[in-house]
Amino acid sequence: MNSDSHYEIGSSHKVCQDYAIHGNYNSAQYVIISDGCSSSKDVDIGARILCHTVKSAIEEIMDIACSNGDWYQLIIEPLTEFIKEYVLRKSREITNNLNLHLESLDATVILAIKDNDKTYLICWGDGGYVLTKKNGIIEYSTIEYESGAPYYLSYELNSVR
């Protein structure tokens with residue numbers, strides 16, 4: 001998987017509310033992007049927190065799984081649940097330490113992770129992806145909600161929301 005990151009401030013925004021990181025860990029390549037909700041406060045910080053906590057979750061699960069075999073043999077649902085719970089726990093700690101409101105975590109998070117010939121895509125929120133296969137076939141898909149309001153991970157931290 002070839003990856004790179006580029007993001008820029010939207011024309012109607014005063015602060016860029018997007019963040020992306022990519023890299024390699026053990027034998028896997030990953031891309032993590034986050035797009036903050038424009039109507040929530042401090043989501044530029046929240047997007048960074050979310051990307052870095054997802055990265056930490058990936059590293060932890062790979063360290064655990066690689067000692068027992070290849071991580072990509074894990075079933076996607078438990079893998080997704082592990083990442084979700086890890087990110088919720090760590091991002092809550094970080095926002096508490098920085099005195100940020102939980103709404104700073106109102107952001108889409110998309111993770112693409114590849115090892116061998118398997119690629120996993122995990123998304124909380126809305127967005128889309130483009131996948132170019134080795135045979136040249138291009139797949140594109142969008143993730144959206146009928147209500148127009150995406151379901152962010154941060155909603156898990158407050159039952160009222």
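Lys-84 is found in helix α2, where helices are DSSP runs of H or I with at least four residues, strands are DSSP runs of E with at least two, and both are numbered from the N terminus. Is this lysine buried or exposed? Lys-84 counts as buried because its relative accessibility is 14%, and buried means under 20% relative accessible area, exposed over 50%, and partly exposed in between, with a 1.4 Å probe and protein chains only. Leaving aside residues up to four places away in sequence, Lys-84 touches Trp-124, Leu-153 and Glu-156; contact here means heavy atoms within 4.5 Å.

Before I continue, a word on the source: this is a predicted model, in which local features need pLDDT of at least 70, side-chain atom pairs count only at pLDDT 80 or more, and totals for chains, interfaces and linings use all residues. Residues are numbered from 1 along each chain as its sequence is written, and side-chain values use heavy atoms, with hydrogens and water left out.

I turn now to the sheet. Strands of a sheet pair through backbone hydrogen bonds, either parallel or antiparallel. In this model, four strands form an open sheet in the order β1-β2-β3-β4, and the pairing is antiparallel; two strands pair if DSSP finds at least two bridges between them. Which are the edge strands? They are β1 and β4, each of which pairs on one side only. From one strand to the next, the twist averages 10°, with axes taken as lines fitted to C-alpha atoms, for helices over the stretch in contact, and angles running from 0 to 180 degrees between N-to-C directions.

Let us look at β1 and β2 in detail. These two strands pair in the antiparallel sense over eight bridges. Tyr-19 stands opposite Ser-34 in β2, and Gly-23 stands opposite Tyr-30 in β2. The hairpin of β1 and β2 has two residues between the strands, and Asn-26 takes a positive phi near 50° in it.

Next comes the core. In soluble globular proteins, nonpolar side chains tend to be buried together. A nonpolar core is a set of buried Ala, Val, Leu, Ile, Met, Phe, Trp, Tyr and Cys residues joined through side-chain atoms within 4.5 Å. The largest one here has 31 residues, and Ile-32, Val-54, Ile-58, Ile-83, Leu-111 and Ile-113 touch the most other members. Two or more residues come from each of β1 (18-25), β2 (28-36), α1 (43-66), α2 (76-97), β3 (107-115) and β4 (118-124). Which element gives the most? It is α1, with nine residues. As for Ile-32, its contacts beyond four places in sequence include Tyr-19, Cys-51, Val-54, Ile-58 and Leu-111.

Cys-51 counts as buried because its relative accessibility is 0%. Cys-37, at 15%, also counts as buried. The count of disulfides, meaning pairs of cysteine sulfur atoms within 2.5 Å, comes to zero.

Finally, the aromatic rings. The whole structure holds three aromatic pairs; rings of Phe, Tyr and Trp (its six-membered ring) pair if their centres lie within 6.5 Å, and planes under 30 degrees apart count as stacked, over 60 as edge-to-face and the rest as tilted. Tyr-151 and Tyr-155 are edge-to-face, at 5.4 Å centre to centre and 85° between the planes. Tyr-152 and Tyr-155 are also edge-to-face, at 5.6 Å and 65°.
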